[in-house]
Amino acid sequence: MAPLKPFVFLGTSHLTAIALALAVPLALATISGTREGYKRNIRFGLASLLAANWIAWMLLLYEKGWLGIGNEIPLNLCDWATVATFVALVKPTQRTYELAYFWALCGTLQALITPDCVYDFPDVQFTLFFVYHGGIIAAVIYMTVGLMMRPYLMSIVRVTGWTLLYGVTAGAADWILGTNYGFLRAKPDHLTLLDYMAPWPWYLPELLVAGVLFMLFWYLPFAIADWRTRPSSRIDAPA
């Protein structure tokens with residue numbers, strides 16, 4: 001058996017995985033067009049992919065002996081983003097979509113860009129990691145482009161509330177169990193945006209501010225579109 005290749009940050013495999021996460025949903029949106037049957041099949045297909053890959057990921061952790069109190073509970077933000085995205089795909093609503101949209105682009109996308117990978121493609125961990133995170137991004141892009149869904153200004157308020165709830169939940173678990181879900185007790189070992197923030201615990205409020213700024217950034221295209229089409233921007237979804 002050939003030796004495994006170490007992961008190369010922004011190498012060919014990494015960039016290919018990112019490109020596929022962006023290109024595949026655009027292709028699916030083009031294929032589905034306005035045909036509701038196609039849209040439904042793609043939604044359920046993406047939801048099934050997310051569920052199957054999450055199960056395979058947990059089985060890999062168990063097989064490798066890597067499963068422990070620090071990763072066997074679904075308390076990472078990507079876990080919550082997976083649930084939100086799965087629910088949004090199965091039953092698309094404004095509330096489920098906006099959670100998936102902002103958690104995917106403000107959180108999961110960071111993991112896609114700065115992944116916690118040791119080995120490069122075709123290692124199974126590499127494949128499952130990028131299908132996991134790239135699948136969330138792809139699903140959100142498809143719902144935005146293919147289903148014509150979008151966030152509103154009030155979406156940021158609601159998602160901020162849910163994110164604070166996540167922080168309280170993960171923080172309580174970290175305090176009780178001595179874990180580091182959400183990187184609320186320490187920065188990760190691999191390169192992330194947190195490396196450019198203050199030491200613990202001062203990066204926690206910085207992280208909240210950065211999260212709101214990221215949400216504003218990902219809302220900006222829709223705000224510009226609203227501004228160009230009507231004098232006063234709509235702040236929430238129509239009833």
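**Core and rings**

The largest nonpolar core has 58 residues, and those with the most contacts inside it are Phe-102, Phe-130 and Met-143. Such a core is a set of buried Ala, Val, Leu, Ile, Met, Phe, Trp, Tyr and Cys residues joined through side-chain atoms within 4.5 Å; buried means under 20% relative accessible area (1.4 Å probe, protein chains only). Two or more residues each come from helix 1 (12-32), helix 2 (36-64), helix 3, helix 4 (94-113), helix 5 (124-145), helix 6 and helix 7 (203-229). Helices are DSSP runs of H or I with at least four residues, numbered from the N terminus.

This is a predicted model: local features need pLDDT of at least 70, side-chain atom pairs count only at pLDDT 80 or more, and totals for chains, interfaces and linings use all residues. Residues are numbered from 1 along each chain as its sequence is written, and side-chain values use heavy atoms, with hydrogens and water left out.

Leaving aside neighbours within four places in sequence, Phe-130 is in contact (heavy atoms within 4.5 Å) with residues including Phe-7, His-14, Leu-112 and Pro-115. Phe-130 and Phe-7 also belong to one aromatic cluster with Trp-57, Phe-121, Phe-126 and Phe-129.

The structure holds 12 aromatic pairs, meaning rings of Phe, Tyr and Trp (its six-membered ring) with centres within 6.5 Å; planes under 30 degrees apart count as stacked, over 60 as edge-to-face and the rest as tilted. The rings of Trp-80 and Tyr-166 are edge-to-face, because their centres are 5.1 Å apart and their planes at 75°. Trp-80 lies in helix 3 (residues 77-90) and Tyr-166 in helix 6 (residues 153-177), so this pair ties together parts 86 residues apart in sequence. Both Trp-80 and Tyr-166 are buried.

Definitions and conventions:
Buried means under 20% relative accessible area, exposed over 50%, partly exposed in between (1.4 Å probe, protein chains only).
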